[in-house]
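This briefing describes the architecture of one protein chain for a reader who is new to structural description. Please keep the sequence and the model in view while reading.

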Amino acid sequence: MASSDQDLVPVLDKDGVRLTVDDAIATVTLTNPDKRNAQSPALWRALTEAGRQLPGTVRVVVLRAEGKSFSAGLDRQAFTPEGFDGEPSFVDLARGADAELDATIAEYQEAFTWWRRSDIVSVAAVQGHAIGAGFQLALACDLRVVADDVQFAMRETSLGLVPDLTGTHPLVGLVGYARALEICVTGRFVAAEEAVNTGLANVAVPVGQLDGTVRDLAAAVLAAPRDAVVETKALLRGAQDRTYEEQRAAERQSQARRLRDLAGVGD
């Protein structure tokens, strides 16, 4: 991360999303601070495209946002009858067939799924407001570094909706069912101290130290051999769905692969 995001030639720069690559580190930046990086279907498609355009050399993906807010969530224009230009309105989607609605939401979710790929470690650098879809985008990443002014909130339920952009699974995994339910149904703010104490954030720092802290974290991840990081991430990601004995077996199998690779012995 020797070069700043602004110094690099973008691989992608469209619809409020910019992707730059500096060797093993890619940076995805939300670039619409005037609208507090509010989200739209076009932005979600751009995020999905960013994931598909990552070069194979990338090991760490940093997600950041310009301006004082990480993301204020879904652009309220989505709830108007006219919706977004060139897009079906949410009202139109609601009137469509079940299969069509399901397929559309699944397409939106793709912007939030690739961050947990086993071949990368994703780090969200979050400042200011991360509301609704913004909260879920931060939750999509493996790790979260937050500024001390961060304000997470899940507001979908208060709008008569549910969080549907893949945020519910990581939220429950991080803070437990009871606290996740309380956060979602009340829509309250979660500030930096609580975020760290409950596991939502790995660390909180002053706003001015956010980028530097993320750079240091990325460098620490890159210091470990890539294959060992990939194996470890896969091992930990699957732990929730395994029994204790199954996890022991998975550890043995992963370690056997690493030992054979280090020794230059094929399977």
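Which residues does Leu47 touch, not counting residues up to four places away in sequence? In this predicted model, Leu47 touches Val17, Val28, Leu30, Ala111, Trp114, Trp115 and Leu137. The points below begin with the nonpolar cores, and then turn to the sheets and to a pair of helices.

**Nonpolar cores**

- The largest nonpolar core comprises 53 residues. Val28, Leu47, Trp115 and Phe152 are the residues with the most contacts inside this core.
- A second core is separate and has 14 residues, including Val60, Val121, Ala125 and Ala218.

**The seven-stranded sheet**

- Seven strands form an open sheet with mixed pairing, and their order is β1-β2-β3-β4-β5-β7-β10.
- Strands β1 (12-14) and β10 (203-205) stand at the edges; each has a single partner strand, so one side of each is left without a neighbour in the sheet.
- On average, neighbouring strands of this sheet are turned by 20° against each other, with direction ignored.
- In general, the strands of a sheet pair through backbone hydrogen bonds, either parallel or antiparallel.
- β1 and β2 are paired in the antiparallel sense over three bridges. The bridge partner of Leu12 is Leu19 in β2.
- Helix α1 (residues 41-52) packs on the sheet and touches β1, β2 and β3. The direction of α1 makes about 175° with that of β1.
- Helix α8 (residues 210-222) also packs on the sheet, where it touches β3, β4, β5 (121-126), β7 (143-147) and β10. The direction of α8 makes about 160° with that of β7.

- Strand β2 (residues 17-22) pairs with β3 in the antiparallel sense over six bridges. Asp22 stands opposite Ile25 in β3.
- The hairpin of β2 and β3 has two residues between the strands, and Asp23 takes a positive phi near 60° in this hairpin.
- How many of the six residues of strand β3 are buried? Six of the six residues of β3 (residues 25-30) are buried, so this strand is largely enclosed by the rest of the structure.
- From β3, Ile25, Thr27 and Thr29 point one way, while Ala26, Val28 and Leu30 point the other way, and all are buried.
- β3 pairs with strand β4 (residues 60-65) in the parallel sense over six bridges. Val60 in β4 is the bridge partner of Ile25.
- Strand β4 is mostly covered, with six of its six residues buried. Val60, Val62 and Arg64 point one way from β4, whereas Val61, Leu63 and Ala65 point the other way.

**The three-stranded sheet**

- Three strands form an open sheet in the order β6-β8-β9, and the pairing is mixed.
- The edge strands are β6 (129-131) and β9 (190-191), each of which pairs on one side only.
- Strand β8 (residues 151-153) runs antiparallel to β9, and two bridges join these strands. Phe152 stands opposite Val190 in β9.
- Helix α4 packs on this sheet and touches β6 and β8. The direction of α4 makes about 95° with that of β6.

**Helices α9 and α10**

- The axes of helix α9 (residues 226-237) and helix α10 (residues 244-263) come within 10 Å and cross at roughly 170°. This crossing angle makes α9 roughly antiparallel to α10.
- Which residues of α9 meet α10? Asp227, Ala228, Glu231 and Leu235 in α9 meet Gln247, Ala250, Glu251, Ser254, Arg257 and Arg258 in α10.
- Sorted by class, the contact of α9 with α10 has three nonpolar, two polar and five charged residues.
- Leaving aside neighbours within four places in sequence, Glu231 is in contact with Ser254, Arg257 and Arg258.

Definitions and conventions: Residues are numbered from 1 along each chain as its sequence is written. This is a predicted model: local features need pLDDT of at least 70, side-chain atom pairs count only at pLDDT 80 or more; totals for chains, interfaces and linings use all residues. Side-chain values use heavy atoms; hydrogens and water are left out. A nonpolar core is a set of buried Ala, Val, Leu, Ile, Met, Phe, Trp, Tyr and Cys residues joined through side-chain atoms within 4.5 Å. Buried means under 20% relative accessible area, exposed over 50%, partly exposed in between (1.4 Å probe, protein chains only). Contact means heavy atoms within 4.5 Å. Axes are lines fitted to C-alpha atoms, for helices over the stretch in contact, and angles run from 0 to 180 degrees between N-to-C directions. Helices (H or I, at least four residues) and strands (E, at least two) are DSSP runs, numbered from the N terminus. Angles under 35 degrees count as roughly parallel, over 145 as roughly antiparallel, 65 to 115 as roughly perpendicular and the rest as oblique. Ala, Val, Leu, Ile, Met, Phe, Trp, Tyr, Cys and Pro count as nonpolar, Asp, Glu, Lys and Arg as charged, and the others, Gly among them, as polar. Two strands pair if DSSP finds at least two bridges between them.
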